[in-house]
Amino acid sequence: KDDELLAFCKGQLVSDAGDEVDIGTRKKEKCLVDEDLLCCISYFCSRELYEVAYKLQILRGTGAFAAVLAMKAFKRCKTAETAEIWLTNSVRQLQNTPMDGGKHLFKGEEVDCTDLGTSNLLELRSNAILQLEIMKYLTIEKGSFLPPASPSSPSMTFSSRCWDIIGSSEATSFNRKNTAEWVLFKDANLSFRMIQEYRLPAVEVYLGAIYEYCKNRRQIGQLVTLVKGLKGTISDSDWDIVIGSSFNILLKDLNDRSNAKQMMKLLVSDHSKVLALIELGKLQGALDLAVSCSDSVDVRLIRKHARGRGSRKIVAACEKYLDEQEGHSAWSS
């Protein structure tokens, strides 16, 4: 149907301009054809037939306007395969377009770009390239990307554009976060770029990726190695939140003490290590660490757990330490 409309428009334009019109050499006829093309493009855009509008624009020339029309066609695709074709068209046009500071999408033409989430050419190109890389992973994975359903779309499936990160809607924001989680252990660099580009909460992305990864128990042995590769990408305090949560998933949800112990070794702060040792039931080890750090708060916490577990020996050791600390404080004052 689109091809028939395109053929009809081409036929009418040639008929209006003359049977032997040479668009490349006869400027007057070219101007008339260009105006007619713009009218046709405007009409098809109003009908959201961006595929036809794009093909007509290519007759006028390539560039930013063609890139935006291709991107709009991409937004209306219902399958990942078709979407990748239109996305590739858009990226190709953007790569051949001078940025001019990236402040204007096109010169002279007006197209509503609110659904693309940007009015900046540089941002559009960056988003398009990220999206294309994601589409390539979809091809490699053969449609295995099925993120959790969103609150607004509980029946979300692969065919419902859960891979679409172009735009400014709530669904798009949800897709960006889930996609960053999905690619984290496949291509960490791509996930990092998404986190930076869209200012995603890195801790939440990491935790989401780890939680999904842990659903496949056969690959749990590789988790610690993969998580190590994330070190240095977030602050130490955030790192301990991620590692501590991963530790709890392994220990409590999966009952995997061996890998939980390996995960614990990645913790940075002594306080976090004390908490992990308590969860493992190693109260003596936790007490030794707390005492070596002169941390009375952690010692009190260990005493509380020791009382709950009926460990009188640990309780006595905690009270002895706390009494000594109070004695030192009283003497120094």
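Just after helix H14, serine 294 takes a positive phi of about 55°. Helices here are DSSP runs (H or I, at least four residues), numbered from the N terminus. The model is predicted: local features need pLDDT of at least 70, side-chain atom pairs count only at pLDDT 80 or more, and totals for chains, interfaces and linings use all residues. Side-chain values use heavy atoms, without hydrogens and water, and residues are numbered from 1 along each chain as its sequence is written.

In H14 (residues 283–292), the buried residues are Leu283, Ala286, Leu287, Leu289 and Ala290. Buried means under 20% relative accessible area (1.4 Å probe, protein chains only). Seen down the axis of H14, these residues fall within an arc of 165°, so they line one face of the helix. The arc is that of the directions from the helix axis to the C-beta atoms.

The largest nonpolar core has 96 residues, and Met263 is among those with the most contacts inside it. Such a core is a set of buried Ala, Val, Leu, Ile, Met, Phe, Trp, Tyr and Cys residues joined through side-chain atoms within 4.5 Å.

Aspartate 256, in the loop between helix H11 (236–253) and helix H12 (257–264), has a relative accessible area of 18%.

| Residue | Contacts (within 4.5 Å) |
|---|---|
| Methionine 263 | Leu223, Val224, Val227, Ile243, Ser246, Phe247, Leu250 |
| Aspartate 256 | Ile220, Leu250, Leu251 |
| Arginine 303 | Val315, Cys318, Glu319, Leu322 |

Note on methods. Buried < 20%, exposed > 50% of the residue type's maximum accessible area, 1.4 Å probe, protein only. Helix = DSSP H or I, 4+ residues; strand = E, 2+ residues; numbered from the N terminus. Lists of a residue's contacts leave out its neighbours within four places in sequence.
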